[in-house]
Amino acid sequence: MYYQLHFRSKICSFPSLCKRHFRISFSSFSQIPDDNSNPETLPSPQSQLVPPSNVITQPKFSRNGHLSHKTRYSEQPETNDVVLSNKKITSYIRRGDLDSAFNVFNSVKVKTVVTWNSILAGFSRKPGYVEEARQLFEKIPEPNVVSYNTMLACYMRNSDIEASKNFFDQMPVKDVASWNTMISGFSQNGLMAEAEELFRAMPVRNEVTWNAMVAGYVESGEVESALELFSEAPVKGVIARTAIVTGYMRSGNVEMAEKMFREMPEKSMVTWNTMISGYIENGRAEDGMKLFKKMMGSGVKANDSTLSSLLLGCSNLSALKLGKQVHQHVVKSPLNLDMTVGTSLSSMYSKCGVLEDAWKLFLEMPRKDVVTWNAMISGYAQHGESKKALHLFDEMRSKGIKPDWITFVGVLSACNHAGFVNLGIQCFEQMQNDYGIKPKPDHYTCMVDLLGRAGKLNEAVDLITKMHFKPHISLFGALLGACRIHRNLEVAEFAAKNLLSLEPTNAAGYVQLANVYAAKNHWEGVSKVRKSMKENKVIKTPGYSWMEVGRVIHEFRSGDRLHPDLESIHMKLKDLEKKMKVAGYVPDLDSALHDVAEEQKEQLLLWHSEKLAIAFGLIKLPPGMPIRIFKNLRVCGDCHQATKVISAIENREIIVRDTTRFHHFKNGVCSCGDYW
């Protein structure tokens, strides 16, 4: 196929949930076109010849990004065997060795159009090499339609839409692949109106055309348009059907995705991966695991995307035992040494609260790329091991690994979680000045949180006002959180006003503002916030926690009345409450967002979801085994203090992951140092 549709799983920094990216990629970057209009075949020897000469003027590739003519005698023996040379160029390019391919190209005495097209395709495959490809294209003596298509695909590969349009308009001959390149490029860049206009004007369509349009609509979130076009398609192949499955999964219509999957006459590896990833993204990791086993039983071998998707699901659900099961499969498979799978495994252990196993896997990996280092740096940062994260950052650079923008999200998070304000500011500036990385919303959010929690609220506001793009809601959310810590009502109202103007139904904004009012005993303000929430039909996200016991995920909500073991949990909490007060625990009543009597506040605090989960863990898990709890909101001050005390009186390590970080409670102390 001239275009391939594929899925790719990416590792992302916790706590954001990673998303599968469904996209269209040009196969001209993985296949070398020949001199006829079918780009699937390898170069053939029949082509137009360039007259030979003893001393030849050759395009020379230079490291400064330019191609220049230079009279030279080849350092390699010149050969007239153009077929063999073309095969060598193709082989090197497929291995990603452009320098060796270009050396062979320079040594060829007689060049056919296939020779030129092959090396042009090599430059086209390299992101950021569009100018070099253009210079090379202009030197082709007699370019054919494949030459034009390869250059067109290069422009699209580099998202240069205007250049693609102009080049397409000027092409002397256009075949179906030319039109498909434009349609797929528009679809890939979300320009479905332009894609549809070309689709309707296209003289002859093939299956690739329909696939590109259907997939483009799915990627743009226009599932209904994708379904309508799919019904019109003369041939409904595996690629289009897989795209529809993707659309259903993305819209949460799992039943229709399952129906389409069952009815598919053939399924590709991408199809299986789509279903597995879809199950996981819809919170059905167990079904994803069952389908994975079925896939293996049918003789289809898992690839790195399959296993990465499964491990991502385990991370999102904090399903450690399921993750270990996937790990066992990896150990027995040829993918045991695969870098992507290894990184996914390390990330899974980190996000499930087992940092020591994540580190062990990291050390055992024979090869590490920037994604691998990022995962480990972020892991240390989220677990409060800020010094280790920063040391790893230094080690990464000493090994010649260039940090990217995700690296600095992890580094700034490490500074944030440890309160390293000056170092955070230094890293923020270094990212821009030394590495040329423009700050993204995630970087600004880290900096606002870092400055705000350190009490530098005015500096945080100043940073927001000087940003080069429109502030994101997470920035004002971070600022609001800092205002609650420092009880700054003026800045809190500023942050809330801006946050709610961007997203009027954002429940967290109302709750954070109400928290600031409550902390200052400003109950009239709390009442106004609640009234505003009611008028705007905003529903507060209920706090809940979950934990895994015997491969079963147990969920607890604040004030839970449904869990089957609730009676024994309440008895355990009452017993803990007595012991805690003897140990000096005093309830933090500011964490109770209600204007009620103190006794009632204490009761509400005692039934917070993480306390229910801790009591359940103490009942069900054997002595000495760590209790791992995961929470959908930030840990409140009272639960944080109570968990420290419980860890001491019960002699039990308690690990809590909230929306911002991990807290490791042991012997009455938390790894965050009470700074979170």
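Author: Gladly! Let us begin with a term: a salt bridge is a side-chain nitrogen of Lys or Arg within 4 Å of a carboxyl oxygen of Asp or Glu. Side chains of opposite charge can pair when their charged atoms come close. In this model, which is predicted, K572, D575, K579 and E650 are linked in a network of such salt bridges.

Reader: How many salt bridges does the count come to by this rule?

Author: The count is 20 salt bridges. One of them joins the side chains of R134 and E131, with N and O 2.3 Å apart. Both residues lie in helix 4, which covers residues 130–138, and they are 3 residues apart, about one turn of the helix.

Reader: What about the salt bridge between R557 and E555?

Author: There the closest N and O atoms are 3.2 Å apart. R557 is partly exposed, with a relative accessible area of 36%, and E555 is partly exposed at 39%.

Reader: And which residue forms a salt bridge with D638?

Author: That is K611, with the closest N and O atoms 2.7 Å apart. D638 lies in helix 32 (residues 637–649) and K611 in helix 31 (residues 609–620), so the pair ties together parts that are 27 residues apart in sequence. Both D638 and K611 are buried.

Reader: Next, sheets. How should I read one?

Author: Strands of a sheet pair through backbone hydrogen bonds, either parallel or antiparallel. In this structure, 6 strands form an open sheet with mixed pairing, in the order 6-5-7-8-9-10. Strand 6 (552–557) and strand 10 (669–670) stand at the edges and have a single partner strand each, so one side of each is left without a neighbour in the sheet.

Reader: How do strand 8 and strand 9 run, parallel or antiparallel?

Author: Antiparallel: 4 bridges join strand 8 (residues 654–657) to strand 9 (residues 662–666). As an example, I654 has F665 in strand 9 as its bridge partner.

Reader: Which residues touch the most other members of the largest nonpolar core?

Author: They are I119, L307 and L479, in a core of 149 residues. Helix 11 (residues 238–250) gives this core its largest share, 8 residues. Apart from it lies another core of 30 residues, including F616 and C672. Back at L307, if we do not count residues up to four places away in sequence, it touches F292, A302, V326, H329, V330, L335 and V341.

Reader: Could we finish with single residues? Where is the place of M171?

Author: M171 is in the loop between helix 6 (161–170) and helix 7. Its relative accessibility is 4%, so it counts as buried. Leaving aside neighbours within four places in sequence, M171 is in contact with Y148, N149, L152 and S178. M171 and V145 are 26 residues apart in sequence, and 8.5 Å separates them in space, C-alpha to C-alpha.

Reader: And what does the side chain of S187 lie 2.8 Å from?

Author: A polar atom of that side chain lies 2.8 Å from the backbone oxygen of I183. S187 is in helix 7 (residues 176–188) and is buried, with a relative accessible area of 1%.

How values were computed. Residues numbered from 1 in each chain as written. Predicted model: local features only at pLDDT ≥ 70, side-chain atom pairs only at ≥ 80, totals over all residues. Heavy atoms only, no water. Helix = DSSP H or I, 4+ residues; strand = E, 2+ residues; numbered from the N terminus. Buried < 20%, exposed > 50% of the residue type's maximum accessible area, 1.4 Å probe, protein only. Polar contact = N/O pair within 3.5 Å; in protein donor to acceptor, adjacent residues only side chain to side chain. Core = buried A, V, L, I, M, F, W, Y, C linked by side-chain atoms within 4.5 Å. Contact = heavy atoms within 4.5 Å. Pairing = 2+ DSSP bridges.
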